[in-house]
Amino acid sequence: MIVFTTIIIFPIWDVIVGSFSGSASVATPGIRLWPEQFSLDAYRVVFNDPSIWNAFLISVLKTVIGVTTSVFFTAMVAYAMSKQDLIGRKIFIALGVGTMFFSGGMIPIYLLMRSLGLLDNFLVYIIPALFSFYNMLILMNFFREIPISLEESARIDGAGVWRIFLQIILPLSTPVLAVIALFNGVYQWNDFMTARLYITNEALYPIQMKLYEIIVQQQAANMQNVVGSVIIPTSSQTIQLATIVVATVPIVLVYPFLQRFLISGMMIGAVKE
């Protein structure tokens, strides 16, 4: 276990060490356990770049809004699909299962996004990710385990469908909702292809797309260095490493707290009288 953990942690540690090292030491191949020529120049460049802050804000907004809307919408559909008397339920499930194995392809999806007016639109991060059939199946099976007597008692007291869903079903489903929120949060934060395919306005770039842009610029600079035999000053590579750290730290810090909450919540939900 120690060896396996070391294999996982070492590349992350190497990136962190490289981000705090000078450009000359990073350019030199080899294994670094501690920063050489300790420098904060890369982080100064990153934090002084307004586009980095804007990309970070876009990532935070699309993660928070995307997780909230996706979890609620998927839970709403799953609650309806958990009812055996829903008209057309088997047809809906069959169609949903088909989408898990077949896709229209990149070009038809791009044309669909264009026809919906989602190109260069912040909503392209939100609307296509509103619903996941796989997550719906998880929620649907969980909702089916909730005793029907709770809903019947609420109906006797005069509660409607929305009140039952919002005040009874959702509070009882905290563990599974937390799992779905974690899945969506990691996806939204790490999502790169959506911006790559549908966004050309740099003001809407998330942090992952900004990282890609920095990597491309560094590769172009390296090619110019080779062709022109000109020494490029400062640290395009250390800036890249610093951006990776900035993009990774938020999700790394949040995940352990969510994981601990998920484990305790699922243990409570797993105990049946």
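**A close look around S59**

Author: Happy to. S59 touches W189, P206 and I207, leaving out residues up to four places away in sequence; a contact here means heavy atoms within 4.5 Å. This is a predicted model, in which local features need pLDDT of at least 70 and side-chain atom pairs count only at pLDDT 80 or more, while totals for chains, interfaces and linings use all residues. Residues are numbered from 1 along each chain as its sequence is written, and side-chain values use heavy atoms, with hydrogens and water left out.

You will find S59 in helix 4. Helices (H or I, at least four residues) and strands (E, at least two) are DSSP runs, numbered from the N terminus. With a relative accessibility of 0%, S59 counts as buried; that word means under 20% relative accessible area, with exposed over 50% and partly exposed in between, using a 1.4 Å probe and protein chains only.

P206, a contact of S59, also touches D191. Beyond its neighbours within four places in sequence, D191 is in contact with K62, P206 and Q208. D191 sits in the loop between helix 10 and helix 11 (193-198), and its relative accessible area of 9% makes it buried. Its side chain makes a polar contact with the side chain of T194 at 2.6 Å. A polar contact is a pair of N or O atoms within 3.5 Å; within protein, one must be able to donate a hydrogen and the other to accept it, and residues adjacent in sequence count only if both atoms are side-chain atoms.

The largest nonpolar core has 22 residues, and A75, L139, F143 and I169 touch the most other members. Such a core is a set of buried Ala, Val, Leu, Ile, Met, Phe, Trp, Tyr and Cys residues joined through side-chain atoms within 4.5 Å. At least two of its residues come from each of helix 4 (50-81), helix 7 (133-144), helix 9 (161-172) and helix 10 (174-190). The helix that gives the most is helix 4, with six residues. F143 touches A75, A78, Y79, S82, I169 and S173, again not counting residues up to four places away.

Helix 7 also packs against helix 10, at an angle of about 175 degrees and with the axes 10 Å apart. Axes are lines fitted to C-alpha atoms, for helices over the stretch in contact, and angles run from 0 to 180 degrees between N-to-C directions. On the helix 7 side the contact uses N135, I138, L139 and F142, and on the helix 10 side V176, L177, I180, F183 and N184.

Finally, the wider setting. The protein chain has 13 helices and zero strands. Of its 273 residues, 34% are buried. Among contacts between residues at least 6 apart in sequence, 72% join residues at least 24 apart.
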